[in-house]
2 protein chains.
Amino acid sequence: MATNIHDIAYTLQHALKENEDFIALQEQYEKVFANEETKVLFEEFRNMQMELQQKMMQGEQLSEEDNEKAQAIVTRVQQDVNISALMQAEQRVNMLVMDLNKIIMQPLETLYGVQK
Amino acid sequence: MATNIHDIAYTLQHALKENEDFIALQEQYEKVFANEETKVLFEEFRNMQMELQQKMMQGEQLSEEDNEKAQAIVTRVQQDVNISALMQAEQRVNMLVMDLNKIIMQPLETLYGVQK
Ligand SMILES: [Ca+2]
Ligand SMILES: [Ca+2]
C-alpha cells in the first residue's frame with residue numbers, strides 16, 4: 001500500500017477543520033457560549049434532550065410533565081436567534097459527517113450486505 | 001479549500017478496500033459462508049447477539065434461559081476455527097475503524113470538549 005490509511009484520515013481531519021460548515025459551527029458555538037443567558041438556556045435544552053433520549057432508549061414512556069417541560073424549553077430555544085443558528089449549523093455538520101461516514105464505510109456495508 | 005473533503009473521504013474508502021486487515025476479513029467471511037454448517041451456526045450466533053443486545057438496551061434483565069442459550073452457542077462458536085478467525089478479523093477491522101473515526105472526528109471532540 002502506497003499511502004498509510006491513518007495519514008489519509010489525518011488529511012480528512014485537516015479538511016474538516018477547514019470546512020466552511022465546521023468553521024461556521026465553531027463560530028456559532030462561541031457566540032452562544034459568550035452570553036451567559038444563552039449559554040444557560042442552551043445547556044438546559046441539551047440536558048433535557050439527553051434525559052428524554054435516555055428514557056426512550058430504556059423503553060420508558062414519557063410523562064405528561066416531561067412533554068410539557070420539553071415543549072417549554074423548545075419554545076424558548078426557538079425564540080433565541082443564536083441558539084437557532086447553532087442548531088442549524090450543527091445539522092449541516094451532522095449531515096456532512098454522515099456523508100463522510102457513508103463514503104468511508106461503504107466497503108463494510110458492501111461486505112455485510114452481500115453476506116446476508 | 002484546495003481539496004474537496006468528499007474526495008478525501010473517497011481516498012480513504014479506497015485505502016480501506018486495500019487494507020490488509022479488511023481484505024483478511026473479506027476472505028474469512030467468504031470461508032465461513034462457503035460452508036453451510038458454519039454459515040448457519042454463525043447466523044444463529046449473530047441473531048442471539050442482537051436479541052440480547054436489544055433486551056439489554058431496553059433495560060430488560062436477561063433470563064436464566066437466555067444466559068444458558070447464549071453460553072451454548074458461544075461454546076460451539078469458539079470450537080469452530082473459521083468462525084473464531086472471522087471474529088478476530090472483525091475485531092481488527094473494528095479497531096482500525098475506531099482509530100480512523102477518532103482521528104477524523106477530533107475537531108468535533110475538541111469543539112464539544114472545550115465548551116463543556
Ligand atoms: Ca460565560
Ligand atoms: Ca451456502
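This is a predicted model: local features need pLDDT of at least 70, side-chain atom pairs count only at pLDDT 80 or more; totals for chains, interfaces and linings use all residues.

Author: Over all chains, a search of the whole structure finds eight aromatic pairs.

Reader: Why is the pair of A:Tyr29 and B:Tyr112 called edge-to-face?

Author: The ring centres of A:Tyr29 and B:Tyr112 lie 5.3 Å apart, and rings pair if their centres are within 6.5 Å. Their planes stand at 75 degrees, and over 60 counts as edge-to-face. The pair of A:Tyr29 and B:Tyr112 is therefore edge-to-face.

Reader: What makes this a pair between chains?

Author: A:Tyr29 sits in helix H2 (residues 20-34) of chain A, while B:Tyr112 belongs to helix H6 (residues 106-115) of chain B.

Reader: How do you know how the rings of B:Tyr29 and B:Phe42 are arranged?

Author: Their centres are 6.0 Å apart and their planes are at 90 degrees. With edge-to-face set at over 60 degrees, the pair of B:Tyr29 and B:Phe42 is edge-to-face. B:Tyr29 comes from helix H2 (residues 20-34) of chain B and B:Phe42 from helix H3 (residues 36-57) of chain B, so the pair ties together parts that are 13 residues apart in sequence.

Reader: Are B:Tyr29 and B:Phe42 buried or exposed?

Author: B:Tyr29 has 3% relative accessibility and B:Phe42 has 2%. Against the limit of under 20%, B:Tyr29 counts as buried, and so does B:Phe42.

Reader: What label does B:Asn19 get for its accessibility, and where is it placed?

Author: B:Asn19 is in the loop between helix H1 (5-18) and H2 of chain B. Its relative accessibility is 7%, and under 20% means buried, so B:Asn19 counts as buried. A polar atom of its side chain lies 2.8 Å from the backbone nitrogen of B:Asp21.

Reader: How do you know that the copies meet through the same surface?

Author: Of the interface residues of chain B, 100% are also interface residues in chain A, so the copies meet through the same surface.

Reader: What makes chain A more spread out than a compact globule?

Author: Chain A has six helices and zero strands. Its radius of gyration is 19 Å, well over the 13 Å from the globule rule for 116 residues, so chain A is more spread out than a compact globule. Its C-alpha atoms fill a box of roughly 55 × 40 × 15 Å along the principal axes.

Reader: What confidence does the model carry in chain A and overall?

Author: The mean pLDDT of chain A is 92, and 95% of its residues reach 70 or more. Confidence in chain A is lowest in helix H6 (residues 106-115), at a mean of 84, and highest in helix H1 (residues 5-18), at 97. The model scores ipTM 0.81 and pTM 0.82.

Conventions: Residues are numbered from 1 along each chain as its sequence is written. Chains are lettered from A and ligands numbered from 1 in the order in which they are written. Side-chain values use heavy atoms; hydrogens and water are left out. Rings of Phe, Tyr and Trp (its six-membered ring) pair if their centres lie within 6.5 Å; planes under 30 degrees apart count as stacked, over 60 as edge-to-face and the rest as tilted. Helices (H or I, at least four residues) and strands (E, at least two) are DSSP runs, numbered from the N terminus. Buried means under 20% relative accessible area, exposed over 50%, partly exposed in between (1.4 Å probe, protein chains only). Contact means heavy atoms within 4.5 Å. pLDDT is the predictor's confidence in each residue, from 0 to 100. A polar contact is a pair of N or O atoms within 3.5 Å; within protein, one must be able to donate a hydrogen and the other to accept it, and residues adjacent in sequence count only if both atoms are side-chain atoms. The radius of gyration is taken over C-alpha atoms; the globule rule is 2.2 Å times the number of residues to the power 0.38.
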